[in-house]
Amino acid sequence: MPFLINDQCVECGLCPPSCPFEAIAVVDGKHKIDEAACVGCTKCVPVCPVSAIVPK
């Protein structure tokens with residue numbers, strides 16, 4: 001199940017390095033998860049300090 005980053009994101013930058021599939025990038029100044037690359041491994045979820053990474 002792919003995940004997404006909601007509006008609670010504070011752009012801290014902790015999530016991209018946590019993704020072993022490089023599915024998280026900054027697009028237009030906001031962190032976004034590439035649905036095609038996200039395999040739902042959840043490694044990024046506990047890294048987010050504001051719980052902005054949620055299942056789609």
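The protein chain in this predicted model has one helix and four strands, taking helices as DSSP runs of H or I with at least four residues and strands as E runs of at least two, numbered from the N terminus. Read from the N terminus on, the order of these elements is β-α-β-β-β. Residues are numbered from 1 along each chain as its sequence is written. Because the model is predicted, local features need pLDDT of at least 70 and side-chain atom pairs count only at pLDDT 80 or more, while totals for chains, interfaces and linings use all residues, and side-chain values use heavy atoms, with hydrogens and water left out.

On overall dimensions, the C-alpha trace spans about 25 × 20 × 20 Å along its principal axes. The radius of gyration, taken over C-alpha atoms, is 10 Å, which agrees with the value near 10 Å for a compact globule of 56 residues, the globule rule being 2.2 Å times the number of residues to the power 0.38. Of the 56 residues, 25% are buried, where buried means under 20% relative accessible area, exposed over 50%, and partly exposed in between, with a 1.4 Å probe and protein chains only. If we take contact to mean heavy atoms within 4.5 Å, then 59% of the contacts with a separation of 6 or more are between residues 24 or more positions apart.

Let me turn to the cysteines. How many disulfides are there, if a disulfide is a pair of cysteine sulfur atoms within 2.5 Å? The count comes to zero. For cysteine 19, the closest cysteine sulfur belongs to cysteine 41 and lies 5.7 Å away, so the pair is too far apart for a bond. Cysteine 41, likewise, is in no disulfide, and its nearest cysteine sulfur is that of cysteine 19. Cysteine 19 is buried, at 13% relative accessibility, whereas cysteine 41 is partly exposed, at 33%.

A cavity here is a set of points, on a 1 Å grid over the protein atoms alone, where a 1.4 Å probe fits but cannot get out, and lining residues have an atom within 4 Å of a point; grid points are joined across faces, edges and corners, and a volume is the space filled by probe spheres set on the points. There are two cavities of 30 Å³ or more. The largest holds about 90 Å³ and is lined by 13 residues, with Cys19, Cys38, Cys41, Thr42 and Cys44 nearest its centre.

Most residues other than glycine have a negative phi. Threonine 42, however, has a positive phi of about 70°; this residue lies in the loop between S3 and S4 and is partly exposed, at 36% relative accessibility. Glutamate 22 has a positive phi too, of about 50°, and is found in the loop between helix H1 (15-18) and strand S2 (24-27), where it counts as exposed at 71%.

Finally, glutamate 35 is placed in the loop between strand S3 (30-33) and strand S4 (53-55) and is partly exposed, with a relative accessible area of 44%. Leaving aside neighbours within four places in sequence, glutamate 35 is in contact with Pro2 and Lys56.

How values were computed: Disulfide = S-S within 2.5 Å. 1 Å grid on protein atoms, 1.4 Å probe; cavity = no way out; pocket = protein on both sides within 12 Å on 5 of 7 lines; lining within 4 Å.
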